Amino acid sequence: MKVLVLHGPNLNLLGQREPEIYGHRTLDQINEEIEVLGSQLGLQIDFFQSNQEGLLIDRIHRAHGVYEWIVFNPGALSHYSYALRDAITAVGIPTIEVHLSNIQAREPFRSHSVIAPVCVGQVSGFGTASYLLALYAIFEQVGRGK
Ligand code: DQA
């Protein structure tokens, strides 16, 4: 089972960026934790981070026919990128939206995601564990033959 983990804008700065909100782990450390759990669950995981919407769209297009699942933290693009939303719909790959912080408990503009309605589900507010919970969700869905 191949899974593509996508990280959007500013997530390359994790570790130094607002650690009181996003924690102290760097993106590399988070990816390592995802990798470890992924291999325990039998998931083969590739990673991609970009600060550019178009590059994320291109990566989603190239995922077609290669990956069975996408785990996606679109960062601030979650709140307004109809183009990313359309890319997910276009490739038809089941996607789980992930956020480190609880987007419902912050500024009002963060509480709405335009991506969430085209995703299987959303995990928000558990730091690194948001990504790990998404992997468990994939493992569970696959076990049910989905
Ligand atoms: C975020 C939440 C977004 O609102 C914010 O713009 C981010 C990170 C999160 O993981 O909590 O860049 O996606």
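The largest pocket here holds about 170 Å³ of space. Of its 15 lining residues, Arg17, Tyr22, Gly75, Ala76 and Arg110 come closest to the centre. Please keep in mind that this is a predicted model.

**The largest pocket**

- Sorted by class, the lining of the largest pocket consists of 6 nonpolar, 6 polar and 3 charged residues.
- Probing for such spaces rests on a simple idea: rolling a probe the size of a water molecule over the atoms shows where empty space is left.

**The nonpolar cores**

- In soluble globular proteins, nonpolar side chains tend to be buried together.
- In this model, the largest nonpolar core brings together 23 residues, and those with the most contacts inside it are Val3, Ile34, Val71, Tyr131 and Leu135.
- Two or more residues of this core come from each of these elements: strand S1 (2-7), helix H2 (27-40), S3, S4 and helix H5 (128-143).
- The top contributor to this core is H5, which gives 5 residues.
- Another core, of 18 residues, lies apart from that one, and its members include Leu77, Val91, Val114 and Ile115.

- Helix H4 spans residues 82-91, and its buried residues include Leu84, Ala87, Ile88 and Val91.
- These four sit on the same side of H4, because they cover an arc of only 95° around the axis.
- On the face turned away from the buried side of H4 you will find the exposed residues Tyr82 and Ala90.
- Helix H3 (53-63), strand S3 (69-73) and strand S4 (95-99) are among the elements that cover the buried residues of H4.
- Thr89 also belongs to helix H4, and Thr89 is partly exposed, with a relative accessible area of 49%.
- From Thr89 to Ile115 there are 26 residues in sequence, while their C-alpha atoms are 9.7 Å apart in space.
- After H4 comes Gly92, which has a positive phi near 70°.

**Helix H3 and its cover**

- In H3, the buried residues are Leu56, Ile57, Arg59, Ile60 and Ala63.
- Their arc around the axis is only 160°, which means that they lie on the same side of H3.
- The cover over the buried residues of H3 includes S1, strand S2 (44-49), S3 and H4.
- H3 is followed by Gly65, where phi is again positive, near 80°.

- Most residues other than glycine have a negative phi, and most peptide bonds are trans.
- Against that background, Asn10 is worth a look: it is not a glycine, yet its phi is positive, about 75°.
- Asn10 is placed in the loop between S1 and helix H1 (19-22), where it is partly exposed at a relative accessible area of 37%.
- Glu18, also not a glycine, has a positive phi of about 35°.
- Leu13 lies in the loop between S1 and H1 and counts as partly exposed, at 34% relative accessibility.
- Between the C-alpha atoms of Leu13 and Gln40 there are 27 Å, and the two residues are 27 apart along the chain.

**Val98 in strand S4**

- Val98 has its place in strand S4.
- With a relative accessible area of 0%, Val98 is buried, since the cut-off for buried is under 20%.
- Leaving aside neighbours within four places in sequence, the contacts of Val98 are Val71, Phe72, Asn73, Pro74, Val123, Ser130, Tyr131 and Ala134.
- Two of these contacts, Val71 and Tyr131, are also listed with the most contacts inside the largest nonpolar core.
- Val98 and Glu32 are 66 residues apart along the chain, and 17 Å separate their C-alpha atoms.

Notes. Residues numbered from 1 in each chain as written. Heavy atoms only, no water. Buried < 20%, exposed > 50% of the residue type's maximum accessible area, 1.4 Å probe, protein only. Arc of directions from axis to C-beta. Contact = heavy atoms within 4.5 Å. 1 Å grid on protein atoms, 1.4 Å probe; cavity = no way out; pocket = protein on both sides within 12 Å on 5 of 7 lines; lining within 4 Å. Points joined across faces, edges and corners; volume = space filled by probe spheres on them. Nonpolar A, V, L, I, M, F, W, Y, C, P; charged D, E, K, R; others polar. Core = buried A, V, L, I, M, F, W, Y, C linked by side-chain atoms within 4.5 Å.
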